[in-house]
Amino acid sequence: GIKSGMKSAKRSYPTWDDVASAVGDKVIAAVGVSVANASTEFAQYRKIFPSWVAQATERGLAGWIHDRMWHHLLTALDGHPDLTVVDKEPLREIVVGPVTSICRFRIKRHHQDGSVSTYRTPLALEFLAQGPEMLGIFAETHLIAGYKWDKELRSIGVPLISLRDGRRHIWEHELELPEPTVQPQPEGLPVHPTPTAPVIDVPSKDTQRADGDSE
């Protein structure tokens with residue numbers, strides 16, 4: 001289970017070491033590679049379609065990157081024995097661990113000050129708030145996996161995992177950015193070959209006669 005760690009005036013919170021021990025190396029590595037792959041694809045997207053990226057809203061870009069990161073996260077975690085995936089748009093999260101002590105992850109971009117943006121729906125508020133402690137141990141820990149976002153440059157930075165309780169930013173832990181596992185696609189749009197003109201067989205007069213046809 002996840003032990004209580006970092007102390008505050010009112011309650012204790014799991015530390016990064018507690019979380020890392022609970023979720024395991026494979027989950028942590030999957031977060032890193034999903035950010036690396038999404039960053040690679042985003043760099044190519046803005047290189048091929050710079051005007052589209054320039055015209056995009058922050059919300060639109062966040063959604064685009066979220067989709068790519070989510071895809072790569074699930075690919076990296078395929079076959080994980082202690083993983084439950086919830087993908088019921090707009091709710092997307094992964095749940096790791098046994099029922100007695102689970103970690104719920106959602107994907108979000110982190111701003112330079114560590115804040116994250118979300119619509120204040122009941123589901124979002126419930127997730128941002130940590131649940132009650134049971135004998136000094138969280139039965140369920142809510143974590144946000146994502147990346148540092150540079151709003152001025154519109155670029156993806158380091159991958160990270162953070163823990164917060166409501167509006168309180170408890171901690172964040174930056175991960176190493178691994179080498180991406182995807183290769184950039186060939187630049188430009190696919191070129192389709194010119195279709196070959198159809199060939200029509202016209203029988204000769206000799207063939208027509210042999211077939212019994214008249215002129």
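A residue counts as buried when its relative accessible area is under 20%, as exposed when that value is over 50%, and as partly exposed in between. With that in hand, here's a quick tour of the salt bridges in this predicted model. The structure has ten of them, and a few are worth a look one by one.

**Helix to helix: Arg68 and Glu41**
- Arg68 and Glu41 pair up through their side chains, with an N to O distance of 2.9 Å.
- Arg68 sits in helix H4 (residues 58-76) and Glu41 in helix H2 (residues 25-48), so this bridge ties together parts that are 27 residues apart in sequence.
- Glu41 is buried at 18% relative accessible area, while Arg68 comes out partly exposed at 26%.

**Helix to loop: Glu58 and Arg154**
- Glu58 and Arg154 form another salt bridge, at 3.0 Å from N to O.
- Here the link runs between distant parts of the chain, 96 residues apart: Glu58 belongs to helix H4, and Arg154 to the loop between strand E8 (140-150) and strand E9 (155-165).
- Arg154 has a relative accessibility of 14%, so it counts as buried, given the cut-off of under 20%.

**Asp87 and Arg92**
- The side chains of Asp87 and Arg92 also meet in a salt bridge, 3.1 Å from N to O.
- Asp87 is partly exposed, at 40% relative accessibility.

**A network**
- Salt bridges also join Glu93, Arg104, Arg106, Glu126 and Glu140 into a network.

Conventions. Residues numbered from 1 in each chain as written. Predicted model: local features only at pLDDT ≥ 70, side-chain atom pairs only at ≥ 80, totals over all residues. Heavy atoms only, no water. Salt bridge = Lys/Arg side-chain N within 4 Å of Asp/Glu carboxyl O. Helix = DSSP H or I, 4+ residues; strand = E, 2+ residues; numbered from the N terminus. Buried < 20%, exposed > 50% of the residue type's maximum accessible area, 1.4 Å probe, protein only.
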